[in-house]
Amino acid sequence: MLKRKENIIEKKADDFSDRIVKLYQYLLKERGETIMSKQIMRSGTSVGANIAESKYAQSRPDFISKLNIALKEANETDYWLKKLMSGEYITENQYQSMHQDNEEIIKILVSIIKTCKNE
């Protein structure tokens, strides 16, 4: 069986989605937060879902579109992270850790989208 080369953006988005799920569980169980936790769960896991969908895009424009949706969801996720920190549901350290991972995903997505548009 041939081993596929690891896709960095898929791996990072998948790992980030796992962290988002754990954050969601923490917010519900430990902090009793139900509104923003659902929002960040939706946007944070949507990043990886749209990246996964892009693998089977029907065309280059469809591929770029799916990555653009992932990028928008990543930006929304950062918004909810900021709100969770300002509402004192997560600490500054928790925010920085999640923000750093999300920011890395955003930078990679921007780079891929730019490269695809310029080819």
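Modeller: First, a term: helices here are DSSP runs of H or I with at least four residues, and strands are runs of E with at least two, numbered from the N terminus. Also, this is a predicted model.

Biologist: Fine. How many helices and strands in the protein chain?
Modeller: Four helices and zero strands. Along the sequence, the pattern reads α-α-α-α.

Biologist: What box do the C-alpha atoms fill?
Modeller: Roughly 45 × 35 × 20 Å, taken along the principal axes.

Biologist: And what share of the residues is buried?
Modeller: 36% of the 119 residues count as buried. The protein chain exposes about 7,600 Å², and 51% of that comes from carbon and sulfur atoms.

Biologist: What about contacts between residues 24 or more positions apart?
Modeller: They make up 71% of the contacts in the protein chain with a separation of 6 or more.

Biologist: On to packing. At what angle do α2 and α3 cross?
Modeller: Roughly 155°, with the axes of α2 (residues 35–54) and α3 (residues 60–86) coming within 8 Å. That crossing angle makes α2 roughly antiparallel to α3, because angles over 145 degrees are put in that class.

Biologist: Left-handed or right-handed?
Modeller: The crossing of α2 with α3 is left-handed. Sorted by class, the residues of this contact are 12 nonpolar, seven polar and six charged.

Biologist: How do α1 and α3 pack?
Modeller: Helix α1 (residues 8–29) packs on α3 at an angle of about 35°, and their axes are 14 Å apart. α1 also passes α3 in a left-handed crossing.

Biologist: Which residues make that contact?
Modeller: From α1 there are Phe16, Ile20, Leu23 and Leu27, and from α3 there are Thr77, Leu81 and Leu84. By class, the contact of α1 with α3 has six nonpolar residues, one polar and no charged.

Biologist: Changing topic: what is phi of glutamate 88?
Modeller: Near 60°, which is a positive value in a residue other than glycine. Most residues other than glycine have a negative phi.

Biologist: Where is glutamate 88 found?
Modeller: In the loop between α3 and α4, the latter spanning 92–118.

Biologist: Is glutamate 88 buried or exposed there?
Modeller: Glutamate 88 counts as exposed, because its relative accessibility is 61% and the cut-off for exposed is over 50%.

Biologist: Good, that covers my list.

Methods
Residues numbered from 1 in each chain as written. Predicted model: local features only at pLDDT ≥ 70, side-chain atom pairs only at ≥ 80, totals over all residues. Heavy atoms only, no water. Axes fitted to C-alpha atoms, helices over the stretch in contact; angles between N-to-C directions. Parallel < 35°, antiparallel > 145°, perpendicular 65-115°, else oblique. Left-handed = near helix turned anticlockwise from the far one by under 90°. Nonpolar A, V, L, I, M, F, W, Y, C, P; charged D, E, K, R; others polar. Buried < 20%, exposed > 50% of the residue type's maximum accessible area, 1.4 Å probe, protein only. Contact = heavy atoms within 4.5 Å. Areas by Shrake-Rupley, 256 points an atom, 1.4 Å probe, with all protein chains shown as cover.
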